[in-house]
Amino acid sequence: MRDSFGRKIDYIRISLTDRCNLRCKYCMPEEGVKLLNHEDILSYEEILILAKIFISLGIKNFKLTGGEPLVRRDVCNLIKELKKLEGIGEVTITTNGVLLEDYGKDLIDSGIDRINVSLDSLNPIKYEKITGRNLLDKVLGGIKLLLEHDFEKIKINTVPMRPLDREDIENLINLGKDNPIDIRFIKVMPIGIANSELGYSKKELLQIIESILGKSSHFDGKKGNGPAEYYSFQNYRSNIGFIDAIDNKFCSECNRIRLSATGFLKLCLYYDLGENIRPYIYSLSENELREKIKDIIYNKPLMHHMNESLIQRDKKNMNQIGG
Ligand code: SAM
Ligand code: SF4
């Protein structure tokens with residue numbers, strides 16, 4: 001479907017939980033996290049009812065997120081059921097990787113189309129400083145398991161922030177040198193508790209990366225459903241991508257909406273605009289529900305204003321939004 005500005009909306013990020021086994025500094029506060037009650041979270045049955053409606057509106061690509069989606073029970077069953085829906089496109093997941101050793105094989109068997117692993121440093125001390133937990137080995141073990149099963153649809157998502165340095169960047173990009181792993185640098189956004197002043201810009205990073213890998217060339221092909229801009233390098237198997245929602249605003253091409261774990265249909269990362277659609281599952285007929293969802297999405301705002309004002313922004317943290 002298209003929104004009121006003519007943008008094609010074909011991608012939805014569905015948050016399965018606000019819970020997480022890490023506490024990344026820019027995402028979830030260590031103290032005082034008020035978690036949702038189980039009964040307030042959409043059931044898998046409700047997600048599947050909504051998924052059918054989204055697909056009928058042309059929103060056929062799904063990303064499962066959270067919190068940490070793999071802490072929710074039976075995620076792989078949900079993926080299997082989603083993949084059975086007529087007209088479904090890609091079903092992908094973004095995970096911190098801590099539970100990949102346990103669930104990686106089941107994820108592959110469920111038919112997942114891509115696995116994004118969020119990982120900011122390969123230095124165990126820095127990893128613990130960023131995430132609050134000493135679990136780097138688990139993440140690396142999980143990535144190894146995916147590679148051992150010849151799973152080639154892996155991306156690493158890094159939020160590069162100081163004090164990460166050249167060595168951290170070099171170690172991270174080395175993961176994609178000979179492996180089928182694209183590395184993407186996501187500029188930290190001023191959402192919730194994040195301090196965006198510490199973030200690296202794409203320009204700074206590209207300079208560092210070119211000093212390691214040599215000159216880059218712009219990769220013109222399409223990869224996935226996101227706004228990343230990719231580059232290729234000689235003698236480097238994968239691609240390196242950048243997502244910068246502030247300096248390289250991509251709102252005019254925004255193709256996405258978000259469904260929170262409670263059923264709030266969120267229209268823009270920055271604003272709290274949207275509506276909780278869970279009650280409509282029970283109060284409206286299928287056709288009425290489709291029309292209702294269509295009307296809500298039609299009013300997606302034109303752009304965010306992250307770089308100008310933080311006053312109107314959604315006050316939630318990223319673990320409650322899903323990234
Ligand atoms: N726990 C899963 C994970 O880490 O991939 C899924 C949820 S997490 C909120 C989704 C993505 O949002 C992660 O790649 C994370 O690094 C990113 N993220 C969290 N807070 C952010 C912020 N303030 N700015 C930019 N990206 C952020
Ligand atoms: Fe958890 Fe992902 Fe947020 Fe880190 S970024 S605290 S792993 S939800």
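Start by selecting Lys 223 and Phe 219: the charged end of Lys 223 sits over the ring of Phe 219, 5.3 Å from the ring centre. "Over" here requires NZ of Lys or CZ of Arg within 6 Å of the ring centre and within 35 degrees of the ring normal.

Before moving on, note that this is a predicted model, where local features need pLDDT of at least 70, side-chain atom pairs count only at pLDDT 80 or more, and totals for chains, interfaces and linings use all residues. Residues are numbered from 1 along each chain as its sequence is written, chains are lettered from A and ligands numbered from 1 in the order in which they are written, and side-chain values use heavy atoms, with hydrogens and water left out.

Next, pick Lys 316 and Phe 264: Lys 316 lies over the face of Phe 264, 5.7 Å from the ring centre.

Now for ring against ring. The whole structure holds 5 aromatic pairs (Phe, Tyr or six-membered Trp rings with centres within 6.5 Å; planes under 30 degrees apart are stacked, over 60 edge-to-face, the rest tilted). Show Phe 185 and Phe 242, a stacked pair at 6.0 Å centre to centre with 25° between the planes. Phe 185 is in strand β6 (residues 181-186) and Phe 242 in strand β9 (residues 240-243), so this pair ties together parts 57 residues apart in sequence (strands are DSSP runs of E, at least two residues, numbered from the N terminus).

Tyr 231 belongs to strand β8 (residues 229-233), so its pairing with Phe 242 in strand β9 joins parts 11 residues apart in sequence.

Keep the trio selected: ring pairs link Phe 185, Tyr 231 and Phe 242 into a cluster. Phe 185 and Phe 242 are both buried (under 20% relative accessible area, 1.4 Å probe, protein chains only), and Tyr 231 is buried as well.

Terms used. Helix = DSSP H or I, 4+ residues; strand = E, 2+ residues; numbered from the N terminus. Buried < 20%, exposed > 50% of the residue type's maximum accessible area, 1.4 Å probe, protein only.
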